[in-house]
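Colleague: I'm new to this one, so please walk me through it. Let's keep it to questions and answers.

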Amino acid sequence: MEPDEELGQITDEIYANGDENKQRHRPIISGEQLDIEAYAALYSGRTKITRLLFIADRCGNSSMQLEALRMAYDEIKKGENTQLFREVVQKIDGCLSGNYGPDPAWADAVDRRAEMRKEKLENELNAYRTNLIKESIRMGYNDFGDYYYAHGQLGEAFKNYVRTRDYCTTAKHIIHMCLNAILVSIEMGQFTHVTSYVSKAEQSQDALDAVTVAKLRCAAGVANLEAKKYKLAARKFLEVGPELGNNYTEVIAPQDVATYGGLCALASFDRGELKSKVIDNINFRNFLELVPEIRELIHDFYTSHYASCLEYLGNLKANLMLDIHLHDHVETLYDQIRSKALIQYTHPFVSVDLNMMANAFKTSVAGLEKELEALITDNQIQARIDSHNKILYARHADQRNATFQKVLQTGKEFDRDVRSMLLRANLLKHEYILKTSRKH
């Protein structure tokens with residue numbers, strides 16, 4: 001598409017968006033309460049429990065809170081983390097009927113088995129170290145890592161997983177160690193470690209299969225998201241292949257790839273990148289199909305249907321605030337997306353009627369003026385506001401003057417180059433050459 005044609009298309013779409021008579025009638029998702037059971041089913045292992053507890057702490061709805069705690073209680077009893085079990089029992093505080101109270105018999109039995117298991121692992125590891133069998137030592141430290149991870153001692157788990165590094169004999173062993181270190185680092189919130197071990201795993205390219213590559217890209221995406229490097233995060237999530245499937249539910253669900261990647265892309269990509277890297281990305285399209293709301297708001301943004309896009313975002317916000325990785329970034333991402341929408345709306349025009357623009361963004365003219373003032377002050381929009389007539393005038397550069405200035409500059413550069421060539425020619429003609437003396 002030629003630039004003029006694309007600009008014309010944008011303008012037509014914006015006019016359609018701003019005109020009430022041309023508004024599309026697309027169903028908007030309702031702000032339904034999060035289905036905790038369906039949400040929890042997307043995950044496995046420790047992240048399932050931590051996500052449920054996070055929802056219980058943040059939801060502000062007593063019935064939803066108790067449902068999350070009930071599911072967390074059931075999930076914990078499938079494992080061996082008695083410390084976390086006691087914490088959940090304390091949070092339930094007798095508010096759930098049935099078998100959701102303290103269970104000292106179960107906790108004591110688990111703790112006794114844990115002590116016996118630990119003693120056995122220690123004896124085995126000592127024997128392996130005495131015999132200097134590298135593979136057995138590696139497996140011994142790995143088993144210790146699994147033991148501590150199962151019991152919620154993440155720091156000790158990380159240390160033991162990393163200790164296997166000195167006893168790795170193949171590239172696959174190194175990748176296995178890196179994936180374990182990444183998993184525990186994400187649980188601990190140590191995202192610099194995540195980035196480091198992703199890079200280390202990627203060095204063993206020959207031993208990486210498609211599923212492992214997808215896992216590493218997800219981990220790198222989460223680490224960049226937490227570091228507020230939204231563009232890098234978007235790129236990593238967009239590179240995740242369909243092989244991921246449900247193979248990394250101990251960290252992330254395929255739906256999260258679509259949500260995290262889509263929102264980060266909207267906040268950081270320009271219009272061209274959004275088209276080529278998101279909308280036309282066949283692999284990522286498969287993930288977007290799992291979350292139709294994200295797919296629709298991306299298309300709405302690209303086609304300049306801002307009211308619909310922002311309505312989708314508004315409806316999704318409550319549930320996104322309950323996401324363990326995304327909650328700290330929702331406000332920032334939303335602000336960036338809205339700012340980009342305002343900038344994109346004003347770009348094709350010399351002047352914009354603020355009343356029409358306010359209608360397109362479903363906001364008041366006064367509120368819109370404040371947002372535009374901030375963008376103008378921040379030099380993101382080159383324009384001025386006529387507050388009396390409610391019109392935004394773009395400050396486009398004087399093309400005629402800019403062309404003359406460019407011609408003059410080119411002339412000066414040409415004159416300088418010609419003079420330099422003439423000087424060099426005269427120096428050569430009169431054999432005025434300065435020879436550098438060589439030091440022996």
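Colleague: Over how many bridges do strands S2 and S3 pair?
Modeller: Strands here are DSSP runs of E, at least two residues long, and helices are runs of H or I, at least four, numbered from the N terminus. Two strands count as paired if DSSP finds at least two bridges between them. S2 (residues 383-386) and S3 (residues 391-394) qualify, pairing in the antiparallel sense, and the bridges number 4.

Colleague: Before we go on, what kind of model is this?
Modeller: Residues are numbered from 1 along each chain as its sequence is written, and side-chain values use heavy atoms, leaving out hydrogens and water. Local features need pLDDT of at least 70, side-chain atom pairs count only at pLDDT 80 or more, and totals for chains, interfaces and linings use all residues, since this is a predicted model.

Colleague: Back to that hairpin: which residue takes a positive phi?
Modeller: At one end of the pairing, Ala-383 has Ala-394 as its bridge partner in S3. Ile-385 is partnered with Leu-392, and Asp-386 stands opposite Ile-391. The hairpin has 4 residues between its strands, and the one with phi near 55° is Lys-390.

Colleague: On to helix pairs: at what angle do H7 and H8 pack?
Modeller: Axes are lines fitted to C-alpha atoms, for helices over the stretch in contact, and angles between N-to-C directions run from 0 to 180 degrees. The axes of H7 (residues 134-150) and H8 (residues 154-163) lie 8 Å apart, at an angle of about 165°.

Colleague: Are they roughly parallel or antiparallel, then?
Modeller: Under 35 degrees counts as roughly parallel, over 145 as roughly antiparallel, 65 to 115 as roughly perpendicular, and the rest as oblique. H7 and H8 are therefore roughly antiparallel.

Colleague: How many charged residues are in the contact of H7 with H8?
Modeller: Among the residues meeting there are Tyr-141 and Phe-144 from H7, and Leu-154 and Arg-163 from H8. Ala, Val, Leu, Ile, Met, Phe, Trp, Tyr, Cys and Pro count as nonpolar, Asp, Glu, Lys and Arg as charged, and the others, Gly among them, as polar. The contact has 7 nonpolar and 3 polar residues, and the charged ones number 3.

Colleague: How close do the axes of H6 and H7 come?
Modeller: H6 covers residues 104-131, and its axis crosses that of H7 at roughly 160°, coming within 9 Å.  That makes the two helices roughly antiparallel, so the answer to keep for H6 and H7 is within 9 Å.

Colleague: Is the protein chain compact or more spread out?
Modeller: The chain has 21 helices and 3 strands. Its radius of gyration, taken over C-alpha atoms, is 30 Å, and the globule rule is 2.2 Å times the number of residues to the power 0.38. For 440 residues that rule gives 22 Å, so compared with a compact globule the chain is more spread out.

Methods:
Contact = heavy atoms within 4.5 Å.
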